[in-house]
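Hi,

Here is the structure I promised to pass on. Have a look at it first, and my notes on what turned up follow below.

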Amino acid sequence: MDKKYFIINKEPNVNILGLDPIIRAFCSADFEELTGVPLSEFYYELENECFVAILEKDALLDMSNKLFEKMVDDHNFPKLLESLLMESGTEIYKLCKQTLEELKNGSIAEEEMKLRIIEIYRLFTEMCVPNVVAPMIEMGAGGMTAKIKQIIEGKDLDANNFSVSDCIAILTTPTKTIWTDEARKALHVIAQKKFEGNNIEDDLMKYVEDYGWVYYGYCGPKYGMKNAKDELIVILDNTLSPIEQWNKRELEIERTKKRQVDIMKALKFSDDEKYFMQTAQSFGYTKGYRANLMALADYTNNEMLSLFAKKEGYAMKQIGVCAVREIEDYLSGKEKLPDVNILNKRLEYCLLIHKRDSSEVLLGDEALKWVDDNVEIDKMDQGVSELSGNVACAGDTKIIAGTVKILLDPKEISKVESGDILLSTNTIPEHVPAMRRSSAIVTQMGGLTCHAAIVSRELNKPCLIGVKYLLDLFVDGDQAEIDLDRGVIRKI
């Protein structure tokens with residue numbers, strides 16, 4: 001049988017309820033109106049809290065190419081996407097922060113909670129509509145990454161003593177700040193107080209209350225005092241004081257801005273070529289901005305949904321494998337929540353099929369059969385020992401060797417020790433402490449605006465992304481070497 005579907009993304013530590021608003025954005029009439037490109041269906045497999053996105057190959061490639069062409073032809077398109085995101089993002093931020101304050105004070109009634117949850121999910125999807133364009137471009141033909149590499153490789157790099165990897169990393173780095181940056185700055189200020197010998201317990205409690213949501217991801221766990229104290233240990237275990245560390249980071253951002261201007265000037269970038277670099281920076285920034293607000297939306301709604309779960313006798317893990325439509329129907333009094341036995345089966349393994357006007361969830365053998373019958377699984381050739389990818393950050397050392405640690409489940413971040421090479425399908429906010437300890441980061445998926453690319457640049461950590469077959473070649477404990485000049489990782 002000719003299989004016309006293929007896997008476009010894998011992501012750990014997720015559930016249906018966290019992903020469903022994003023999937024609804026892909027298939028919405030608003031997305032088609034904005035882009036002119038419809039997407040009629042989206043499939044995702046969920047097994048042991050790991051998400052696998054599946055799309056029809058021809059449909060994805062067609063959409064990716066058309067979106068890339070639209071970005072090439074209309075230089076105002078990225079500005080429109082950012083403007084729409086900021087507009088809905090501001091609205092969702094205000095509503096979530098207001099709701100969290102009212103929950104803290106006990107001043108929000110049950111009926112109002114129901115309306116808020118539905119409204120937050122609506123805004124969540126609205127916010128995602130303009131911001132799923134960038135990943136769709138990368139997930140398909142990889143047009144953005146390929147275009148940037150083509151531009152840079154066509155320049156006289158030798159004459160200016162530049163490397164392709166360094167230019168890509170510098171020129172695509174976003175320099176605008178998001179809430180994650182605000183949180184890190186606030187924690188460095190608290191660390192400085194500790195460094196100076198002051199008691200910081202109350203400051204830490206307020207920090208967790210003000211910024212804990214930033215690290216929530218799709219479904220938690222919640223960031224708490226232990227997480228904050230663990231981060232403080234890392235900050236304080238440095239030859240520089242916390243405030244010196246932060247000042248150094250801010251100076252590096254300013255240095256990056258200057259280097260971006262200097263490189264484009266030295267390599268004689270045309271206005272059109274500058275546009276692609278600025279668009280990559282915009283996509284990187286808006287992805288981080290959206291990720292923060294998605295975490296806030298999920299955190300806020302789950303705080304309220306936990307009250308309804310308790311009332312109905314459900315665990316939050318079971319609520320997490322409901323679709324948004326099922327939650328909306330329950331809150332509006334149209335339907336009861338799905339039976340607990342059905343939800344337990346979803347937790348084991350399921351496939352959600354989302355279409356423009358409907359959705360269904362297949363379970364067990366039926367779901368497995370659909371995947372087996374329809375999804376093409378690409379396999380690595382035998383005898384391969386070296387794989388190539390895109391350099392997201394070159395770091396300060398061009399050759400990195402170390403022990404491989406594969407990180408999928410955030411509960412296993414402690415296994416990544418100082419100097420290990422961290423491998424994953426892609427990275428998520430919960431991976432950041434392990435990313436700090438690692439000597440390098442390598443992901444199987446992602447483009448120049450993915451999470452791993454953004455965070456590695458912040459940490460100045462060597463990073464390869466989009467390394468096909470990565471987790472087929474390596475297992476925990478393997479020895480690997482990364483060559484940043486060539487953009488390859490090999491088993492040694």
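The chain exposes about 22,200 Å², and carbon and sulfur atoms supply 49% of that area. Keep in mind that this is a predicted model. Of the 492 residues, 54% are buried.

On the overall build: the secondary structure comes to 20 helices and 14 strands. The radius of gyration is 23 Å, close to the 23 Å that the globule rule gives for 492 residues, so the chain is as compact as a globular protein of that length. If you want a box for a figure, the C-alpha atoms fill roughly 70 × 65 × 45 Å along the principal axes. Among contacts with a separation of 6 or more, 70% are between residues 24 or more positions apart.

Now the charges. Side chains of opposite charge can pair when their charged atoms come close. How many salt bridges does the structure hold? The count is 36, and here are a few to click on.

Start with Arg24 and Glu328, which form a salt bridge with the closest N and O atoms 3.1 Å apart. Arg24 sits in helix α1 (residues 16-26) and Glu328 in helix α15 (residues 324-331), so this pair ties together parts that are 304 residues apart in sequence. Glu328 has a relative accessibility of 18%, and the cut-off for buried is under 20%, so Glu328 counts as buried.

Next up is Asp181 with Arg249, another salt bridge, where the closest N and O atoms are 2.6 Å apart. This pair links distant parts of the chain: Asp181 belongs to helix α9 (residues 179-195) and Arg249 to helix α12 (residues 242-266), 68 residues apart. Asp181 counts as buried too, because its relative accessibility is 6%.

Helix α9 turns up again with Lys193. Its side chain meets that of Asp203 in a salt bridge, 3.1 Å from N to O. Asp203 lies in helix α10 (residues 201-211), ten residues away from Lys193 in helix α9. Is this pair buried or partly exposed? Lys193 is partly exposed at 31% relative accessible area, and Asp203 is partly exposed at 26%. There is also a network: Glu102, Glu112 and Arg116 are joined by salt bridges that share partners.

Cys167 is in helix α8 (residues 164-171) and counts as buried, with 1% relative accessibility. Leaving aside residues up to four places away in sequence, Cys167 touches Ile152, Leu157, Phe162, Ile263 and Leu267.

Ala480 is in strand β13 (residues 479-483) and is buried, at 0% relative accessible area. Ala480 and Ala401 are 79 residues apart in sequence, with 5.6 Å from C-alpha to C-alpha. With residues up to four places away not counted, Ala480 touches a list that includes Ile400, Ala401, Gly402, Val404 and Ile421. Phe474, Ile489, Arg490 and Ile492 are also among the residues that Ala480 touches.

Cheers

Terms used:
Residues numbered from 1 in each chain as written. Predicted model: local features only at pLDDT ≥ 70, side-chain atom pairs only at ≥ 80, totals over all residues. Heavy atoms only, no water. Salt bridge = Lys/Arg side-chain N within 4 Å of Asp/Glu carboxyl O. Helix = DSSP H or I, 4+ residues; strand = E, 2+ residues; numbered from the N terminus. Buried < 20%, exposed > 50% of the residue type's maximum accessible area, 1.4 Å probe, protein only. Rg over C-alpha atoms; globule rule 2.2 N^0.38 Å. Contact = heavy atoms within 4.5 Å. Areas by Shrake-Rupley, 256 points an atom, 1.4 Å probe, with all protein chains shown as cover.
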